[in-house]
Amino acid sequence: MVPVYESSIRSLPLVGRGKVRDIYAVGDDKLLLVASDRLSAYDVILPTPVPEKGRVLTQLSNFWFGRLGDIVPNHLTGIDPETVVAAGEREQVRGRAIVARKLAPLPIEAVVRGYLEGSGWKEYQESGRVCGVSLPPGLQRASKLPQPIFTPATKAEAGHHDENIAFERVAQQIGQARAAEVRDVALRLYEAAAEYALSRGIIIADTKFEFGLDDAGKLHLIDEALTPDSSRFWPLATWREGASPESFDKQYVRNWLDAIGFARKPPAPPMPPDVAARTSEKYQEAARRLMG
């Protein structure tokens, strides 16, 4: 199928475009979220689409929303996206969109880490801590942590970098009780998902969740859940401490960008066709393994 870099739904008001999703209003209380094939790396949107990426993100998120619904409610309405757009626009949303409840998003990314990699590994090398959480000495790159840790981050706009922050700063932003609820729910979601993924031969090294509130102040899981865009997925069979593991996520693109000396700021270079195709294969393989 033809990749969708940017949707063009005319039958609904456009609310905005994120790094990956295009957002349209469906009445006053619902949103149409269309997952494009855009990819962002180092918080920069690349100009080349990754074929089938939006469909993988949508299908995998919906799988996790269903599997983890007993832990926290989510924003799904169950409405078929093809019923809220014009007939000529249905192909744009088929398999890559959801109709979601309109909720008030919390201004943080709820990151949970079970293994040491990425910015967490860099921070640990410098201070022995990650987002204010002290860790035992002697850990290596890709080491499994004694227990998963909550390491929140700011929610950056496109073109800006997320910033790791301490739990105390989250409490200042959204209140102590709400911050504790977000932390506890995020840890429960991660632990349940990580246990299941291991049974499918995949390590979820880390992931990020986003949450929103309904009018009654009840917490809901929103955006996406446990996808190759929001998580590090490693094959259990090849994982080893001390090295950057093989992955089923956007790390492949990050490695390519590092190899060509990308400065981690816009504009991003076009991806060669083989890099885009290989990334698509990795995303689809993750979905196949996890969903069966």
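Four strands make up an open, antiparallel sheet, ordered E1-E2-E3-E6; strands are DSSP runs of E, at least two residues, and helices runs of H or I, at least four, both numbered from the N terminus. Two strands count as paired if DSSP finds at least two bridges between them. The model is predicted: local features need pLDDT of at least 70 and side-chain atom pairs 80 or more, while totals for chains, interfaces and linings use all residues. Residues are numbered from 1 along each chain as its sequence is written, and side-chain values use heavy atoms, without hydrogens and water.

- E1 and strand E2 (residues 21-26) run antiparallel and are joined by three bridges, with Gly-16 partnered by Ile-23 in E2.
- Helix H1 packs on the sheet and touches E2, strand E3 (30-35) and E6; contact means heavy atoms within 4.5 Å.

**Nonpolar cores**
- A nonpolar core is a set of buried Ala, Val, Leu, Ile, Met, Phe, Trp, Tyr and Cys residues joined through side-chain atoms within 4.5 Å; buried means under 20% relative accessible area (1.4 Å probe, protein chains only).
- The largest core has 46 residues, of which Trp-64, Val-182, Leu-189, Phe-209 and Phe-211 touch the most other members.
- Elements that each supply at least two residues include H1 (53-67), H5 (176-199) and strand E13 (202-213); H5 gives the most, twelve.
- Another core, apart from this one, has 19 residues, among them Ala-41, Val-50, Val-275 and Tyr-283.

Definitions and conventions
Buried means under 20% relative accessible area, exposed over 50%, partly exposed in between (1.4 Å probe, protein chains only). Axes are lines fitted to C-alpha atoms, for helices over the stretch in contact, and angles run from 0 to 180 degrees between N-to-C directions.
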